[in-house]
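Student: I have a new structure open and I'd like to learn how to read it. Can we go through it together, feature by feature?

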Amino acid sequence: MKEALKEAEKAYSTYEVPVGAIIVCNGQIVGRGYNQRESLRDPTAHAEILAIREASKYMDAWRLSKSTMYVTLEPCAMCAGAIVNARIDRLVIGARDPKRGCAGTVEDLTNHPQFNHRLKVEFGVLEEECSHILSKFFKELREYKK
């Protein structure tokens, strides 16, 4: 999760919502990503999607079985769907997203009974650090808008 937080710091430094993600397979980081929606002008440029793209390229496969994703904020519906479609086995989440979280908070797409793939989900890893960077970012954004 510390590596995912480093990715979130990259997003923060470029005025993006500070979310970071990494994918680990066999003890090695195979994909990294941080939010770049504003920078790339791409609504799909979420940390999780970018990490999946990098891992798929690295592993030369779309199935990322036997891998774990670490992400600082609970994935949205788009990202949770991509995680399921990529066949990632385990998802480790720093902070819950009470407004858009789709790994168990608002909805649970990661373990939907009708989907053909389900994954193990763990919450609260470095939760305080993951929540703090988001709170700090949005506090600064609100003050900037004043």
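This is a predicted model: local features need pLDDT of at least 70, side-chain atom pairs count only at pLDDT 80 or more; totals for chains, interfaces and linings use all residues.

Student: Where is Val19, and is Val19 buried or exposed?

Tutor: Val19 sits in the loop between α1 and β1. Val19 has a relative accessible area of 5%, so it counts as buried. Here's another way to look at that spot: Val19 and Glu74 are 55 residues apart in sequence, yet their C-alpha atoms are 9.4 Å apart in space.

Student: What does Thr68 touch?

Tutor: Thr68 belongs to strand β3. Again not counting residues up to four places away in sequence, Thr68 touches Ile22, Ile23, Val24, Ile88, Arg90 and Val92. With a relative accessibility of 12%, Thr68 is buried too.

Student: How should I read a nonpolar core?

Tutor: The general idea is that in soluble globular proteins, nonpolar side chains tend to be buried together. In this structure the largest nonpolar core has 39 residues, and the ones touching the most other members are Ile23, Ile52, Met69, Ile88 and Leu91. The elements giving two or more residues to this core are α1, β1, α3, β3, α4, β4 and α5.

Student: Which residues does Ile52 touch?

Tutor: Setting aside residues up to four places away in sequence, Ile52 touches Ile23, Leu64, Met69, Ala82, Ile83, Ala86 and Ile88.

Student: Which residues of helix α4 are buried?

Tutor: Helix α4 covers residues 77-85, and Cys79, Ala80, Gly81, Ala82, Ile83 and Val84 are buried there. Among the elements that cover those buried residues are α3, β3 and β4.

Student: Now helix packing. What do I look at when two helices sit together?

Tutor: Two packed helices are described by the angle between their axes and the distance between the axes. Take helix α1, residues 2-13, and helix α5, residues 127-145: they pack at an angle of about 5 degrees, with axes 11 Å apart. Angles under 35 degrees count as roughly parallel, so α1 is roughly parallel to α5.

Student: Which residues make the contact between α1 and α5?

Tutor: From α1 you have Leu5, Ala8, Glu9 and Tyr12, and from α5 you have Glu129, Cys130, Ile133, Lys136, Phe137 and Glu140. Sorted by type, the residues of this contact are six nonpolar, no polar and four charged.

Student: Speaking of charges, how do I read a salt bridge?

Tutor: Side chains of opposite charge can pair when their charged atoms come close. This structure holds five salt bridges. One of them joins Lys6 and Glu3, whose closest N and O atoms are 3.0 Å apart. Both lie in helix α1, three residues apart, about one turn of the helix. Lys6 is partly exposed at a relative accessible area of 48%, and Glu3 is partly exposed at 23%.

Student: What about Glu7 and Lys10?

Tutor: Glu7 forms a salt bridge with Lys10, and the closest N and O atoms are 3.0 Å apart. Glu7 and Lys10 are three residues apart in helix α1, so about one helical turn separates them. Glu7 is buried, with a relative accessible area of 2%, whereas Lys10 is partly exposed at 37%. Glu3, Lys6, Glu7, Lys10 and Arg32 are linked in a network of salt bridges.

Student: Which parts does the salt bridge between Arg90 and Glu122 tie together?

Tutor: In the Arg90 and Glu122 salt bridge, the closest N and O atoms are 3.0 Å apart. Arg90 lies in strand β4 and Glu122 in strand β5, so the pair ties together parts that are 32 residues apart in sequence. Arg90 is partly exposed at a relative accessible area of 25%, and Glu122 is partly exposed at 29%.

Student: Last topic: backbone angles. What should I look for in phi?

Tutor: Most residues other than glycine have a negative phi. Arg41 is not a glycine, but its phi is positive, about 50 degrees. Arg41 is in the loop between α2 and α3, and at 72% relative accessibility Arg41 counts as exposed.

Student: Where is Leu126, and what is its phi?

Tutor: Leu126 is in the loop between β5 and α5, with a positive phi near 50 degrees. Leu126 is partly exposed, at 25% relative accessibility.

Methods
Residues are numbered from 1 along each chain as its sequence is written. Side-chain values use heavy atoms; hydrogens and water are left out. Axes are lines fitted to C-alpha atoms, for helices over the stretch in contact, and angles run from 0 to 180 degrees between N-to-C directions. Helices (H or I, at least four residues) and strands (E, at least two) are DSSP runs, numbered from the N terminus. Angles under 35 degrees count as roughly parallel, over 145 as roughly antiparallel, 65 to 115 as roughly perpendicular and the rest as oblique. Contact means heavy atoms within 4.5 Å. Ala, Val, Leu, Ile, Met, Phe, Trp, Tyr, Cys and Pro count as nonpolar, Asp, Glu, Lys and Arg as charged, and the others, Gly among them, as polar. Buried means under 20% relative accessible area, exposed over 50%, partly exposed in between (1.4 Å probe, protein chains only). A salt bridge is a side-chain nitrogen of Lys or Arg within 4 Å of a carboxyl oxygen of Asp or Glu. A nonpolar core is a set of buried Ala, Val, Leu, Ile, Met, Phe, Trp, Tyr and Cys residues joined through side-chain atoms within 4.5 Å.
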